[in-house]
Amino acid sequence: MSSSSPGAPTCPNPSLEQLEQEARTRGLLLRLQVGRPAGLAWSLRLGVARRDGKRLVLLGEIKGWALPAAAGLRLDTMRVQGEDTAAVGPLIWAATFAWAMEATPCRQATILAIRDSEAQHRRLVRYFRQLGFSPLRELGAGVADLAPRLIWGGGGLLMRADCTEVLRRSGRRLGLD
């Protein structure tokens, strides 16, 4: 796949295989756990770890699911922890979107910038915008928002992004452009 932004140089986005190799080069392990219950959708858990002697130390992970539709990727619970984790976030994002582009029909992703506290919400919105997400709609306390709030686990700003764009931006943060 290549970037589709007008005027942007065309360079291929990294594949999942290339990202796994990039992780190894950085002394990290990148692992995906994908399920396909009843063949209807995909569940995803992607983690990045570092070997510490004989044990693995989880540095970051993301969970989500994918419906068989162009706008079907739903992302939830992205977490990075520990020391020396500069490449962990971009690896997680890039691998998630490479997987979606290679293994599903998903071309757009949705994520919730949850509103636990105003300061944290602002940080999440800013971070997701840097990745390429744009506001979709606010999930508030209204009756119409009850079902989506149950699915997403709270209120906040739903945001959507083009999978190719997030993959491109994440690859660039890893120095793969």
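The legends below describe close-up views of a predicted model.

**View 1. The hairpin of strands β3 and β4.** Strand β3 covers residues 55-66 and strand β4 covers residues 73-80. The two strands pair in the antiparallel sense, and 6 bridges link them. Between β3 and β4 lie the 6 residues that complete the hairpin. One of the bridged pairs joins W65 to R74 of β4.

**View 2. Strand β4 beside strand β5, with the crossover through helix α2.** Strand β5, residues 108-114, runs parallel to β4 and is joined to β4 by 3 bridges. L73 has A109 of β5 as its bridge partner.

**View 3. The largest nonpolar core.** The core holds 42 residues. Those that touch the most other members are L19, L73, W93, F97, F128 and F133. Helix α2 supplies the largest share of this core, with 11 residues. In soluble globular proteins, nonpolar side chains tend to be buried together.

**View 4. The surroundings of W93.** Residues up to four places away in sequence are left out of this view's contact list.

**View 5. The largest pocket and its lining.** The space in this pocket amounts to about 370 Å³. Its lining consists of 17 residues, and T77, M78, R79, L124 and F128 lie nearest the centre. Two or more lining residues come from each of β4, α2, β5 and α3 (118-131). The largest share, 6 residues, belongs to β4.

**View 6. V166 in helix α5.** Helix α5 spans residues 163-173 and contains V166. V166 has a relative accessible area of 0% and is therefore buried, the cut-off being under 20%. Apart from neighbours within four places in sequence, V166 is in contact with F97, L131, F133 and A161. F128 lies 38 residues from V166 along the chain, and the C-alpha atoms of the two residues are separated by 9.6 Å.

Definitions and conventions: Residues are numbered from 1 along each chain as its sequence is written. This is a predicted model: local features need pLDDT of at least 70, side-chain atom pairs count only at pLDDT 80 or more; totals for chains, interfaces and linings use all residues. Side-chain values use heavy atoms; hydrogens and water are left out. Two strands pair if DSSP finds at least two bridges between them. Helices (H or I, at least four residues) and strands (E, at least two) are DSSP runs, numbered from the N terminus. A crossover is right-handed if, with the strands pointing away from the viewer, the path from the first strand over the helix to the second runs clockwise. A nonpolar core is a set of buried Ala, Val, Leu, Ile, Met, Phe, Trp, Tyr and Cys residues joined through side-chain atoms within 4.5 Å. Buried means under 20% relative accessible area, exposed over 50%, partly exposed in between (1.4 Å probe, protein chains only). Contact means heavy atoms within 4.5 Å. On a 1 Å grid over the protein atoms alone, a cavity is a set of points where a 1.4 Å probe fits but cannot get out, and a pocket is an open set with protein on both sides within 12 Å along at least five of seven lines; lining residues have an atom within 4 Å of a point. Grid points are joined across faces, edges and corners, and a volume is the space filled by probe spheres set on the points.
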